[in-house]
Amino acid sequence: YPSGNLAITVTGEGDQLICIVQEDQLRTAKIRALFQSDGRSTCYYPNGDEWINMSIQGGQYLDQAGNRVRRWMWPNLSPGPHVPLSPIFISLNRHVGVRILAQDKIFVSFLAMGRQAKFNMGTKVQASAARQLPPPTRLGEDELLLLAFRVRILQLFDRMRRCLNFPSSEQWNKIQPPTYLMTQAVKILELCMAADISDELHSSIRAIVNA
């Protein structure tokens with residue numbers, strides 16, 4: 001960002017690419033969106049609530065009250081008539097936008113100081129491949145809370161390390177947390193979506209990992 005804060009990180013994990021969009025904040029780098037090359041993606045409102053969630057089967061668009069505004073299935077994975085996708089454009093903030101045109105055309109764009117960078121995080125998954133994927137892992141409430149607190153503790157240790165290495169708060173506040181911590185936080189939120197837990201617990205876990 002023009003402020004110097006990290007905006008977008010693209011990393012590789014095995015044969016998969018992961019694109020993470022962070023909020024323009026100095027002390028805490030809240031995750032605003034996560035895009036994975038295996039077809040899974042999630043965008044969040046500024047308060048952390050889910051905005052858009054996509055999988056290899058399709059996706060859904062939620063309003064800020066949590067109501068489903070739109071739902072669709074990708075054409076190549078729907079054996080019969082399917083709900084078509086109308087193009088979606090959202091602004092995560094004044095610099096980062098997301099355009100969803102098709103399963104293989106999901107664009108993350110960054111615009112600042114007259115220059116633009118664009119990433120296509122879409123993918124094309126065949127129906128046969130989708131049927132072979134294992135079902136998502138479902139964890140219990142206690143396990144999800146333990147994972148969330150583990151990530152939070154690692155985040156605190158990282159801040160302590162930065163404080164010791166850079167005594168000046170102006171210096172260590174500008175250093176972004178490790179990418180693996182952000183990735184772990186997002187994975188926990190994905191597990192919460194797959195688990196049968198209350199909205200209250202989901203909100204608590206989200207607050208812990210994004211604190």
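**Reading burial and surface**

Author: In this predicted model, 43% of the 211 residues of the chain count as buried. The accessible surface of the chain comes to about 11700 Å², and 55% of that area belongs to carbon and sulfur atoms.

Reader: How many helices and strands does the chain have?

Author: The chain has five helices and eleven strands. As for contacts with a separation of 6 or more, 38% of them join residues 24 or more positions apart.

Reader: Is Gln 60 buried or exposed?

Author: Buried means under 20% relative accessible area. Gln 60 has a relative accessible area of 18%, and therefore counts as buried. Gln 60 lies in strand E6, which covers residues 58–62.

Reader: Which residues does Gln 60 touch, not counting those up to four places away in sequence?

Author: Gln 60 touches Glu 50, Trp 51, Ile 52 and Asn 53, and also Arg 68, Arg 70, Arg 71 and Trp 72. With one of these, Arg 68, the contact is polar, side chain to side chain, at 3.0 Å.

Reader: Turning to the surface, which residues form a nonpolar patch there?

Author: The patch is formed by Ile 153, Phe 157 and Met 160, which together have about 320 Å² of accessible area. Met 160 is found in helix H2, residues 141–165.

Key
Residues are numbered from 1 along each chain as its sequence is written. This is a predicted model: local features need pLDDT of at least 70, side-chain atom pairs count only at pLDDT 80 or more; totals for chains, interfaces and linings use all residues. Side-chain values use heavy atoms; hydrogens and water are left out. Patches are made of residues with over 30% relative accessible area and no salt bridge: like charges are joined within 9 Å, nonpolar side chains (Val, Leu, Ile, Met, Phe, Trp, Tyr) within 5 Å. Accessible areas come from the Shrake-Rupley method with a 1.4 Å probe; for residues, only the protein chains shown count as cover. A salt bridge is a side-chain nitrogen of Lys or Arg within 4 Å of a carboxyl oxygen of Asp or Glu. Helices (H or I, at least four residues) and strands (E, at least two) are DSSP runs, numbered from the N terminus. Buried means under 20% relative accessible area, exposed over 50%, partly exposed in between (1.4 Å probe, protein chains only). A polar contact is a pair of N or O atoms within 3.5 Å; within protein, one must be able to donate a hydrogen and the other to accept it, and residues adjacent in sequence count only if both atoms are side-chain atoms. Contact means heavy atoms within 4.5 Å.
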